[in-house]
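Subject: Structure handover

Hello,

The structure is pasted below. My notes on the side-chain contacts follow it.

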Amino acid sequence: GGVYVNIHSDYPGGNIKVLEIDEDNKVVKLEQDLRNCAQWWFYWNFCVEYPAKGEFIFEFCNGEVVGPWGPAISYNRKDWDWVGANSRLSPSSFRYTFSGQEKKVYFCFSLPYQLEDFERFYSKYGQLSCVERKVLTVSERGRQVPLIIVGKQDAKRHIFLTCRHHACESVASYVLEGFLDTVINNIESSIYRNFQFHVVPFVDIDGVEDGEQGKGRPPHDHNRDYIDEPIYNSTSSLMKYASEKKPEIFIDLHCPWKWGDSDDISSQRNNNVFFMKRM
């Protein structure tokens, strides 16, 4: 007999379709869930509960979706790392050896970032006088879209920062954290003190929390919604808010394509490859 394997995506950001489990040979065939997506895309995020001891092979059946360092891995959905290049069998498969003692092991295409991750970050600064939190709007699925304002209330100049117009582009959220860390910790400096920063960390908060691709959402995604009659609550509210504040700078953070060519963060001189590691 084989071994029982429980694989699911029943948590914020989860995304997977399990196609077949060969328990005798410990091979799992699966694919990314493309619900509410009008094009092929590559995001996936799943959990293996109480896995049996031994090496399993995970084969994706819808395109090349396993990056150069294999999958990202976590045991608590807070701390993430890369399994490593040796885990990658091909651009569409990876292997992992379970000890048999794990309760839950999470695998993801990249380093995920959910609302609860932002809440942990925000808890460091939420009590500061220079930080204010509002609700930009309520999403189509009933979630509050956070608006964070950093700086003095009487500041005459405004900078806007947005993130996650495409829900699965999670690594951009770590860049946003770093930016906010710098601004908040240096708010009295000559560079920042005359500005007020207006930050929307999750434009497509429904896609982020429901584990959707976000890119190519029909009839168009949030990033293409800055039109005369926008269809999403967050973009229409942001347009109205920006027209009132008249920002001098508007920075929208995204992620590149999955890997390859100019999308790789690499040095042509010494072939050193740099990547983010969540601690």
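Arginine 141 is partly exposed, at 38% relative accessibility. By the cut-offs used here, buried means under 20% relative accessible area, exposed means over 50%, and partly exposed lies in between (1.4 Å probe, protein chains only). This is a predicted model: local features need pLDDT of at least 70, side-chain atom pairs count only at pLDDT 80 or more, and totals for chains, interfaces and linings use all residues. Residues are numbered from 1 along each chain as its sequence is written, and side-chain values use heavy atoms, with hydrogens and water left out.

Salt bridges

Arginine 141 forms a salt bridge with aspartate 210, with 2.6 Å between the closest N and O atoms. The two ends come from distant parts of the chain, 69 residues apart: arginine 141 sits in the loop between strand S11 (131–138) and strand S12 (144–151), and aspartate 210 in helix H3 (residues 205–210). Helices (H or I, at least four residues) and strands (E, at least two) are DSSP runs, numbered from the N terminus. Aspartate 210 is partly exposed, at 25% relative accessibility.

The criterion for a salt bridge is a side-chain nitrogen of Lys or Arg within 4 Å of a carboxyl oxygen of Asp or Glu. The whole structure has 15 salt bridges.

Another one joins glutamate 248 and arginine 157, with the closest N and O atoms 2.8 Å apart. This pair also links distant parts of the chain, 91 residues apart: glutamate 248 is in the loop between helix H4 (233–245) and S15, and arginine 157 is in strand S13 (residues 157–163). Glutamate 248 is partly exposed, with a relative accessible area of 48%. Arginine 157 is partly exposed too, at 36%.

Arginine 217 bridges to aspartate 204, and the closest N and O atoms are 3.0 Å apart. Here the separation is 13 residues, with arginine 217 in the loop between H3 and H4, and aspartate 204 in the loop between strand S14 (195–200) and H3. Which side of the burial cut-off do they fall on? Arginine 217 counts as buried, at 6% relative accessibility. Aspartate 204 is buried as well, with a relative accessible area of 2%.

Salt bridges link Arg141, Arg143, Asp204, Asp206, Asp210, Glu212 and Arg217 in a network.

Histidine 158 lies in strand S13. Its side chain makes a polar contact of 2.8 Å with the side chain of histidine 198. Histidine 158 is buried, at 9% relative accessibility.

Threonine 162 is in strand S13. It is buried, at 0% relative accessibility.

Aromatic rings

There are 32 aromatic pairs in the structure. One of them, tyrosine 96 with phenylalanine 98, is edge-to-face, at 4.9 Å centre to centre and 70 degrees between the planes. Both of these residues, tyrosine 96 and phenylalanine 98, are buried. Phenylalanine 195 and phenylalanine 197 form a tilted pair, at 6.4 Å centre to centre with 45 degrees between the planes. Phenylalanine 195 is buried, with a relative accessible area of 11%. Phenylalanine 197 is buried at 1%.

For these labels, rings of Phe, Tyr and Trp (its six-membered ring) pair if their centres lie within 6.5 Å; planes under 30 degrees apart count as stacked, over 60 as edge-to-face and the rest as tilted.

One aromatic cluster is formed by Trp44, Phe46, Phe56, Phe58, Phe60, Phe94, Tyr96, Phe98 and Phe107.

Charges over a ring

Which residues lie over tryptophan 259? Arginine 88 lies over its face, at 5.3 Å from the ring centre. The charged end of lysine 258 sits over the ring of tryptophan 259, 4.5 Å from its centre. The test is NZ of Lys or CZ of Arg within 6 Å of the ring centre and within 35 degrees of the ring normal.

Regards

Conventions:
Polar contact = N/O pair within 3.5 Å; in protein donor to acceptor, adjacent residues only side chain to side chain.
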